[in-house]
Amino acid sequence: MRLVQVMVPTGKEVVVAETLDERGVDYVMTEEVSSRDYSAVVTFPLPTNAVESVLADLREAGIDEETYTVVIEAQTVISRQFGELKEEYKQQEESETKIAREELQSNAHNLVSGPETYLLMTVLSSIVATAGLLLGSAATVVGSMVIAPLIGPAMAASVGTVVDDHELFRRGVRLQISGVLVAVASAAAFAAALRFANLVPPGLEPLMIGEVRERLAPNVLVLAVALGSGVAGVVSLMTGVSVSLVGVMIAVALIPPAATMGIGIAYGIPSLAFGSGVFVLVNVLSINVAALVVLWYAGYRPEAWFRVSNVRSAVAKRIAVLVVFIVLLSLFLGAVTFDTYTASTEEAAIETAVEDVLAEPRYDEMEAAEITVTRTDPLVFSEVDHVTVRMAVPESQPLPPAAEPIQTAIERQLGYEVRVELRYVRIETATAAEATS
């Protein structure tokens, strides 16, 4: 529910009253003496989804768009006609919680904080995420998302597009670009400082850390996360629901991969920087296109009817450009997805080949304790380069030659040459009698 206050220009009292009466709206009109241009203030409650329609009627009645208007949330309304009005708009509108265009625009402006605060919070979020990634701490990475202010610019750019607010659109785009750049730069600077000041273990390999490695080669599933984040963000915005939790979801899609990209730069790992960079770009573009589509589908349009055609064209062009870039980047994601599937299949084939060899009678006492596979390229289109097999062997058991048979079996499975290394671990077991003697 909303409570609306509108200043009534001198001479418009009767037509405003008639308009509200026709709508079945209960109102209170009081005399206004603070200005010669306005003679009264009208106050009335409305269902949330009726605000835009009633304000549009008042515009037609002579209430200018720049006229002093306040729309606030109302907790309780006791009114003779409010229940009937609410039921009427419930039948007319698809959503009872859809807010007015003016309120949507105001909310988007409010989400975009000052540049100093926005950039400071982005830097802090990126630094915390970098620390969490290098520590391999999922909890710390999640904590970094809570303080990330990234939802505002994404929503501002989309809202600015559909309501023809050029300043809001430009501000949203500028802050998105600067936010990502600052996040990557601060992560790179922080990771480099940790590395060269010896504040992390010497020889730390970021690619060996699970939290980092999972953002090295994103697959097509990241599109679902980004698109879902964009839809959730704009739905929360246009229904007047708190966007705090949704903001965390958008930060999930942006802050950890941006921090990972910074780590890749600091440690001089091009594949890590490139893979996570694609991750960031796909997520940014997907969030924006999802928000644009949902806002336009929800029916938000500019105030001036003659601008609708131009805005429709602008929305279509921006969606088309975003989709083209997403498709191009998705080719990389598709390659990564295929490579991940191929790698899993090959590793399963290697395990099968080792098991088949060790199933021979001469290897009865031998067991493959661990199989490690090293690939030629950690990003895409990689091949198995080196297979290390740790063999558990009883102490008294002789070591029959197994490297060549295992290598032959693996190469037969894969169809190309690989290096195979066997490492033997002797097993000594003490009997009960020996232990008590």
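Strands S2 (residues 28–31) and S3 run antiparallel and are joined by 4 bridges. The model is a predicted one. S2 and S3 make a hairpin, with 6 residues between them. Within this pairing, Met 29 has Val 42 of S3 as its bridge partner.

S3 also pairs with strand S1 (residues 2–9). Here 8 bridges join the strands, again in antiparallel fashion. Leu 3 stands opposite Pro 45 of S3. How enclosed is strand S3 (residues 38–46) by the rest of the structure? Of its 9 residues, 7 are buried, so S3 is largely enclosed.

Arg 2 and Glu 103 meet through their side chains in a salt bridge, 2.9 Å from N to O. This pair links distant parts of the chain: Arg 2 lies in strand S1 and Glu 103 in helix H4 (residues 101–111), 101 residues apart. Are these two residues, Arg 2 and Glu 103, buried or exposed? Both are buried.

Strand S6 (residues 384–394) is mostly covered, with 8 of its 11 residues buried. Strand S5 (residues 367–375) is joined to S6 by 8 bridges, and the two run antiparallel. Arg 375 stands opposite Val 384 of S6. Strand S7 (residues 419–427) pairs with S6 too, through 9 bridges, but this pair runs parallel. Val 387 has Val 420 in S7 as its bridge partner.

Glu 370 and Arg 390 form it, with their closest N and O atoms 3.2 Å apart. Glu 370 sits in strand S5 and Arg 390 in strand S6, 20 residues apart, and the pair links distant parts of the chain. Glu 370 has 37% relative accessibility, so it counts as partly exposed. Arg 390, at 36%, also counts as partly exposed.

Arg 362 and Glu 360 form another salt bridge, the closest N and O atoms being 3.3 Å apart. Arg 362 is partly exposed, with a relative accessible area of 44%. Glu 360 is partly exposed as well, at 30%. The salt-bridge count comes to 9.

Glu 347, Glu 351, Glu 355 and Asp 356 form a negative patch. Where does Glu 351 lie? Its place is in helix H13 (residues 308–358). Glu 351 has 42% relative accessibility and therefore counts as partly exposed.

Definitions and conventions
Residues numbered from 1 in each chain as written. Predicted model: local features only at pLDDT ≥ 70, side-chain atom pairs only at ≥ 80, totals over all residues. Heavy atoms only, no water. Buried < 20%, exposed > 50% of the residue type's maximum accessible area, 1.4 Å probe, protein only. Pairing = 2+ DSSP bridges. Patch = residues over 30% accessible without salt bridge, like charges linked within 9 Å, V, L, I, M, F, W, Y side chains within 5 Å. Areas by Shrake-Rupley, 256 points an atom, 1.4 Å probe, with all protein chains shown as cover. Salt bridge = Lys/Arg side-chain N within 4 Å of Asp/Glu carboxyl O. Lys, Arg positive; Asp, Glu negative; His and termini not counted. Charge placed at Lys NZ, Arg CZ, Asp CG, Glu CD.
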